[in-house]
Amino acid sequence: MCILKSSQSPLLTANELLLSHIEYLRKRLVNTGLTYGFDHKITIIASQELDLYILAYQETNRKLSLQPCS
């Protein structure tokens, strides 16, 4: 895997933004679950949104790992 610095690749910046948003969504999910219950519709929707961002993060990392080092 080739690790590039932020100044070399906008994907790392996107990756950092995704991680930050994932952490926000994770905290929101826990708070929603504690407030409404972990089987409440609002909590399920929050969980699904978090899943989408985790998937986007994983896809970004997969693309980074496939890039040739230059």
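The model is predicted, so local features need pLDDT of at least 70 and side-chain atom pairs count only at pLDDT 80 or more, while totals for chains, interfaces and linings use all residues. Residues are numbered from 1 along each chain as its sequence is written, and side-chain values use heavy atoms, with hydrogens and water left out.

**Exercise 1.** Find which residue forms a salt bridge with Arg28, and state where the two partners lie.

*Solution.* A salt bridge is defined as a side-chain nitrogen of Lys or Arg within 4 Å of a carboxyl oxygen of Asp or Glu. By this definition Arg28 is paired with Glu49, and their closest N and O atoms are 2.4 Å apart. Arg28 belongs to helix 1 and Glu49 to helix 2, so the pair ties together parts that are 21 residues apart in sequence. Helices here are DSSP runs (H or I, at least four residues), numbered from the N terminus. Glu49 has a relative accessible area of 28% and is partly exposed, a class that lies between buried (under 20%) and exposed (over 50%), computed with a 1.4 Å probe and protein chains only.

**Exercise 2.** Decide whether Thr32 is buried or exposed, and describe its surroundings.

*Solution.* Thr32 lies in helix 1 and, at 11% relative accessibility, counts as buried. A polar atom of the Thr32 side chain is 2.7 Å from the backbone oxygen of Arg28. If neighbours within four places in sequence are left aside, Thr32 is in contact (heavy atoms within 4.5 Å) with Gly37, Ile42 and Thr43.

**Exercise 3.** Describe where Tyr57 lies and which residues Tyr57 touches.

*Solution.* Tyr57 is a residue of helix 2 and is partly exposed, at 22% relative accessible area. Apart from neighbours within four places in sequence, its contacts are Asn15, Leu18, Leu19 and Ile22. The C-alpha atoms of Tyr57 and Ala14 are separated by 8.9 Å, although these residues are 43 residues apart along the chain.

**Exercise 4.** Locate Phe38 and name the patch to which Phe38 belongs.

*Solution.* Phe38 sits in the loop between helix 1 (10-36) and helix 2 (41-66), and it counts as exposed at 54% relative accessibility. Together with Val30 and Leu34, Phe38 forms a nonpolar surface patch with about 310 Å² of accessible area. Patches are made of residues with over 30% relative accessible area and no salt bridge, like charges being joined within 9 Å and nonpolar side chains (Val, Leu, Ile, Met, Phe, Trp, Tyr) within 5 Å; accessible areas come from the Shrake-Rupley method with a 1.4 Å probe, and for residues only the protein chains shown count as cover.

Terms used: Helix = DSSP H or I, 4+ residues; strand = E, 2+ residues; numbered from the N terminus. Polar contact = N/O pair within 3.5 Å; in protein donor to acceptor, adjacent residues only side chain to side chain.
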